[in-house]
Amino acid sequence: RSKAIMKNCNIHGYKGSISNQAALNIKENVDFIIDRVTVYGNEIAFRLRAPSLVTVKNAVIYDNTKSVRYEDGISNLKIYHSTFGLGNSNLFQNVGGSNFDIRNNIFVGTSKPSEADEPSNKAINSNDFIDTAQSDYHLKPGSQAIDSGVVINTVQTDRDGVARPQGNGYDVGAYEFVGNANETDTTPPLRSNG
């Protein structure tokens, strides 16, 4: 099998020219690792199909019509330590797939999707973040995401490249809390146009 790694990218604007247009359309016989990405303003953030094997970690995903569309019987999809922010109309679209490992993710709002029923995934209010209106999903002091995750040995850093864990345990979502979260941010927060 082929192998690919995508790391530390901002991806946006894939919508309007074809139906089911995706920022990342992964469908070949490839082991694909997506780490430390921000995906926003797309029709579909991740369109994932068999026979690919996909791991997404430390992603910030917001303002997409569909966050994850899985199809063609894809299995063994892994999504770890990611933040599904505001403006995602449909978090997961099921067009066929099973046997997923989805842990330590944040879903901004009052509920999480059925694909993320594992207890380490959290539905969290916007008030737990620095500024969701400006798409800054760093954790605020006292956030319920802090120290509430489980150990995932393959995730050693967060979206900013900060070592995990900080404090007494692993934080859920894309960012580890390190005091003043903006001190470690290597890129300015992305602004939503919507």
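**Strand pairing, rings and salt bridges**

Let me start with strand 7 and strand 10, which pair in the parallel sense over 7 bridges. Strands here are DSSP runs of E, at least two residues, numbered from the N terminus, and two strands pair if DSSP finds at least two bridges between them.

Before going on, the ground rules. This is a predicted model, where local features need pLDDT of at least 70, side-chain atom pairs count only at pLDDT 80 or more, and totals for chains, interfaces and linings use all residues. Residues are numbered from 1 along each chain as its sequence is written, and side-chain values use heavy atoms, with hydrogens and water left out.

pLDDT is the predictor's confidence in each residue, from 0 to 100. The protein chain averages 93, and 92% of the residues score at least 70. Over residues 181–194 it stays under 50. Where pLDDT is low, the predicted coordinates should not be read in detail.

In what order do the 4 strands of the open sheet come? The order is 2-4-7-10, and the pairing is parallel. Strand 2 (22–26) and strand 10 (90–98) are the edges; each has a single partner strand, so one side of each has no neighbour in the sheet. From one strand to the next the twist averages 5°, taken between axes that are lines fitted to C-alpha atoms, with angles from 0 to 180 degrees between N-to-C directions.

On its other pairing, strand 7 (residues 66–75) runs parallel to strand 4 (residues 44–49), joined by 5 bridges. F46 has V68 of strand 7 as its bridge partner, and R49 stands opposite E71. Of the 10 residues in strand 7, 7 are buried; buried means under 20% relative accessible area, exposed over 50%, and partly exposed in between, with a 1.4 Å probe and protein chains only.

Now the rings. The whole structure has 6 aromatic pairs, meaning Phe, Tyr or Trp rings (for Trp, the six-membered ring) with centres within 6.5 Å; planes under 30 degrees apart are stacked, over 60 edge-to-face, and the rest tilted. Y70 and F100 are edge-to-face, at 4.8 Å centre to centre and 85° between the planes. Y70 is in strand 7 and F100 in the loop between strand 10 and strand 11 (101–103), so this pair ties together parts 30 residues apart in sequence. Y70 is buried at 3%, while F100 is partly exposed at 22%.

F84 and F107 have ring centres 4.7 Å apart and planes at 20°, so they count as stacked. F84 is buried at 1% relative accessibility, and F107 is buried at 1% as well. Ring pairs also link Y40, Y62, F129 and Y137 into a cluster.

Last, charges. There are 8 salt bridges, each a side-chain nitrogen of Lys or Arg within 4 Å of a carboxyl oxygen of Asp or Glu. One of them joins R1 and D31, with the closest N and O atoms 2.6 Å apart.

K66 is in strand 7 and E43 in the loop between strand 3 and strand 4, 23 residues apart. K66 is buried at 13%, and E43 is buried at 15%. Salt bridges with shared partners also join R47, R49, R69 and E71 into one network.

Notes. Contact = heavy atoms within 4.5 Å.
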